[in-house]
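Good morning, and thank you for making time for this item. I would ask you to keep the structure open while I speak.

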Amino acid sequence: MNILILLIIVAALAAIQLFVTRWLPLNRLAWMAIWWVAVYAAFAYGINPPLPSSIVVLFMAIVTLALVAYLSADSEELASAMRAITAFMVERRFRVALLAVLVALPLLAALSVYTDLSKPPQPPTSSRTIHPPPPVSISFKGKTIPLSTANNPYRELQHSDEAAFAQHVENGRRIYFENCFYCHGDNMQGAGMFAHGYDPIPANFNDPTTIAMLQESYLFWRIAKGAPGLPSEATPWSSAMPAWENFLTEEEIWDVILFLYEFTGYEPRAQGMPH
Amino acid sequence: MTCFCRTKAVRALLVGLVASAAVVLLCEPALAAPQEADPDYRALPFISSRVVMWIIAELHLMFAAFVLAVPMFALVLEFIGYKTGDKRFDQLAYDFTKLLSVSFSFTATLGALLTFGLIVLYPALTKYLVKVFSWTFLPYVLLFFFEAVFLYAYYYGWGKFSPRVHLFLGLMLNIVGTAIMFIANAWLTFMNTPSGVDELGNLTSLWDAINNYIWMPINIHRLIANMAFGGAIGAAYGAYKFLGARTMEEKAHYDWMGYTGNFIAICALLPLPFAGYWLGVEIYAYDQSLGITLMGGTFSWLFIIQAVLIGNLFLAANYYLWLSMSRIAGAERYRRFIKYLLGVITLCFIVWATPHSLVATVEEARAMGGSHHPILNVLGVMSAKNTAVNLLILTTYVSFLLYRRANKDATVSWARTGNLVQFGIFAVVVIFVVFLGVYGYFVDAQTRIGLSQPQVFSVLFAMVAVTVIDLFLFRGARKRGEIDWGRIPARAQYALFFLAITFAWLMGLMGYVRAGMRQHWHVYGVIRDTSVDAFTPTLGFAGLVVSITVIIFFLFIAVVFFLSGLSSRKDWAERTKGTRRWFRRAKQEQSDSTLSVEAS
């Protein structure tokens with residue numbers, strides 16, 4: 001959040017309410033315009049890092065719709081706003097202001113075009129799918145693993161044999177620090193020493209919207225197949241994740257998954273259940 | 001008139017019977033025929049088979065939803081009229097029922113078209129589904145027959161039977177209609193989450209095939225959604241008649257009809273997100289691939305469009321209620337609350353429409369430090385969205401509460417305490433819902449999914465408790481004036497049209513998502529789609545097909561409105577009496593003048 005910008009916006013709104021309205025009464029249409037500008041300024045400049053422009057457009061469309069609904073929800077206010085617009089268009093005293101608006105509108109459009117064209121060329125925007133859907137089954141070193149029913153075979157040891165479970169977790173820790181931590185980092189925040197060379201950066205496992213939302217078989221698929229195994233519907237994608245099936249055994253992958261959940265404190269999403 | 005009605009009834013019956021019989025008769029020989037003689041697919045010239053079937057299926061579904069929903073609230077309205085003796089309810093129920101007759105014919109015709117399309121264009125898939133569900137077709141055909149009988153008896157028997165007999169007919173119509181929907185739902189849900197078959201697709205248990213993972217969630221979801229959709233279309237009919245009304249009596253009646261339709265639609269809309277959430281949970285539980293395809297992968301952007309549409313629905317519903325206050329004396333004192341309600345609605349709308357997968361330029365992504373935005377990321381998941389939708393529902397309820405008490409002043413001695421208790425309930429529930437939403441970020445997925453239940457139940461509790469208190473609070477209340485039905489701006493009627501169109505668009509979109517999430521499977525994991533259309537269309541193309549379907553649907557609905565309005569029209573002879581007399585006189589004068597010219 002850019003607190004300073006937000007405070008300036010709030011202060012400006014308060015100043016208009018407390019001081020400006022004393023000598024210039026504002027009707028609902030004027031207030032709508034003021035609120036629109038204030039909310040736009042908050043979305044565009046008050047949030048850090050800045051929101052993508054597609055999001056600002058989406059949010060402002062909602063805000064515009066709400067403001068129009070507010071204006072027209074009261075017949076008297078709507079009539080008053082329409083009278084004000086009509087007066088501005090036809091009354092002699094507004095002639096200069098009307099002329100200024102008529103000149104300003106095409107100038108603003110021209111400025112917008114100029115600004116857009118002055119920007120250096122950019123690659124096209126892309127919609128990135130955060131969780132691509134896994135296939136029904138995968139082939140792992142000649143063995144078919146059905147992802148919808150596959151479970152971590154060592155998960156049950158958590159309750160039946162704690163010592164054996166701890167051994168698998170320990171093995172997972174070793175594998176993680178030998179292979180994964182260079183990118184995903186020692187705290188699993190996706191900030192390893194190589195992370196900033198990649199776009200997109202590696203996943204942050206502490207984020208509650210990553211592994212905490214997924215079943216273990218999903219992680220198995222992602223680790224085993226890496227970026228080369230992503231489905232076509234998940235493109236465009238420029239992940240640097242290797243296909244670890246070429247370097248790790250099945251047991252090692254399940255072990256590292258146990259470690260990921262142990263380290264972050266999350267529980268994997270359970271399979272089946274409802275019905 | 002009677003002859004016309006009979007013809008229509010018979011035609012609908014015939015179409016339905018032929019459609020159902022066609023499945024059984026045409027496909028059974030195909031089962032026995034040699035395999036190599038049957039192509040898996042047949043193509044149409046100029047247009048893809050999938051698009052054709054997509055549009056027909058969606059149109060059939062929309063009409064079926066309407067035909068199943070209207071009898072439900074028509075029956076309730078008729079029952080209220082019967083119990084209270086208020087004839088207006090009976091008339092309103094009849095006005096809604098008038099829309100059924102033509103719609104039923106359209107539903108049956110589209111159903112027949114869908115069946116023929118499946119048999120001709122997708123013979124292998126149809127053959128397989130018939131093989132699995134062959135035993136369900138007989139009850140389906142019989143129920144369809146009874147549906148036609150009860151529907152036409154209910155409509156044409158209005159005022160002809162004793163009220164109890166007529167109510168019984170309405171009840172039977174609803175039971176039969178619901179049973180038909182349950183059977184058809186078994187077929188389509190089986191395609192998404194097949195059960196009761198072995199790895200090769202051979203049937204092992206018909207009941208398991210019917211009672212698959214999403215059968216009951218879809219049944220419930222459709223039952224509620226049908227009510228919302230039917231109410232919205234009924235309200236649009238009221239709006240259409242209101243705008244064309246010539247007298248204040250007509251305006252008042254159709255204003256009331258629009259309000260009632262909208263009330264039904266909104267009442268059904270409130271629990272709909274919960275039913276949808278249950279459906280989502282079951283899909284995820286059946287197979288994470290389906291769940292992720294739906295909510296996190298390819299189709300996740302459609303859910304953003306869905307959120308925008310539902311946000312619009314809530315906004316329009318509240319807008320209509322606020323405009324409706326203009327017909328109530330005393331409502332002015334509640335106008336000041338509108339801006340706060342709108343603020344909450346806008347905020348919740350924004351949270352609900354926030355995507356998890358962002359569209360960003362490379363520069364924007366770099367500025368965010370990756371594809372996740374630290375703030376949007378928090379708003380893009382279910383914890384935030386569940387909280388937002390619960391607050392949206394609660395806010396809409398508050399709008400209704402203000403509308404309800406607009407012209408009343410409580411006179412009971414404990415009025416102040418009652419208001420405070422109501423406010424307290426709202427405050428506690430809002431804090432509880434927000435707390436659970438935030439808490440959801442700190443627990444595992446299973447617990448988080450479970451948190452949606454206390455959120456839902458607390459909101460339901462608030463609505464029920466506040467309503468009960470309100471009923472006692474305003475018992476014997478002093479009235480500031482009557483509701484002046486008919487005194488409402490025309491833009492409120494356009495809001496009703498907007499609601500009906502948005503509902504239809506939403507149905508089309510979500511219908512596509514439900515079918516599309518199977519991706520390259522006809523029956524998920526059992527029968528692969530090997531046709532030329534075995535690819536997921538772009539969101540733009542899907543949006544276009546859905547939009548075209550909605551336009552076609554409303555063209556049909558315009559015909560339904562026109563035909564339904566014919567019965568209340570004056571006879572042609574009476575309507576054109578003056579005009580014909582004028583023509584006769586003019587002709588006579590012309591012939592007289594010609595004769596006089598000839599004579600002279």
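Chain A has a radius of gyration of 28 Å, whereas a compact globule of 275 residues would be near 19 Å. The coordinates come from a predicted model, and every value I quote is computed from it. Along the principal axes, the C-alpha atoms of chain A fill a box of roughly 85 × 40 × 40 Å. The domain assignment divides this chain into domain 1, residues 3–118, and domain 2, residues 137–264. Between the C-alpha centres of these two domains of chain A the separation is 49 Å. As for burial, 27% of the 275 residues of chain A count as buried.

Let me turn to the secondary structure of this chain. Chain A contains 9 helices and 3 strands. Read from the N terminus, the order is α-α-α-α-α-β-β-β-α-α-α-α. If one takes the contacts in chain A between residues at least 6 apart in sequence, 57% of them join residues at least 24 apart.

How confident is the predictor in chain A, on average? The mean pLDDT is 88, and 93% of the residues score at least 70. By element of chain A, the lowest mean pLDDT, 61, belongs to strand S1, residues 126–127, and the highest, 95, to helix H9, residues 250–264. Where pLDDT is low, the predicted coordinates should not be read in detail.

Two backbone features of chain A deserve attention. The peptide bond between A:Asn48 and A:Pro49 is cis, with omega about 0°. A:Pro49 sits in the loop that links helix H2 (28–45) to helix H3 (53–72) of chain A. A:Met188 belongs to the loop between helix H7 (162–184) and helix H8 (216–225) of chain A. Is A:Met188 buried or exposed? It has 23 C-beta neighbours inside 10 Å and therefore counts as buried, the threshold being 20 or more.

B:Gln519 lies in the loop between helix H19 (490–516) and strand S4 (521–523) of chain B. Because B:Gln519 has 20 C-beta neighbours inside 10 Å, it counts as buried.

Finally, the interface. How many residues of chain B are in contact with chain A? There are 55, and they meet 52 residues of chain A. Several elements of chain B give two or more residues to this side, among them helix H10 (272–286), helix H12 (300–324), strand S1 (359–360) and helix H18 (445–473). The largest share, 8 residues, is contributed by H13(B). By residue class, the side of chain B that touches chain A comprises 27 nonpolar, 20 polar and 8 charged residues.

That concludes my presentation, and I am glad to take questions.

Definitions and conventions: Residues are numbered from 1 along each chain as its sequence is written. Chains are lettered from A and ligands numbered from 1 in the order in which they are written. This is a predicted model: local features need pLDDT of at least 70, side-chain atom pairs count only at pLDDT 80 or more; totals for chains, interfaces and linings use all residues. Two residues are in contact if their C-beta atoms, placed from the backbone, lie within 7 Å. Helices (H or I, at least four residues) and strands (E, at least two) are DSSP runs, numbered from the N terminus. Ala, Val, Leu, Ile, Met, Phe, Trp, Tyr, Cys and Pro count as nonpolar, Asp, Glu, Lys and Arg as charged, and the others, Gly among them, as polar. Domain bounds come from an automatic or database domain assignment. The radius of gyration is taken over C-alpha atoms; the globule rule is 2.2 Å times the number of residues to the power 0.38. A residue is buried if 20 or more other C-beta atoms lie within 10 Å of its own, exposed if 12 or fewer, and partly exposed in between; C-beta atoms are placed from the backbone. pLDDT is the predictor's confidence in each residue, from 0 to 100.
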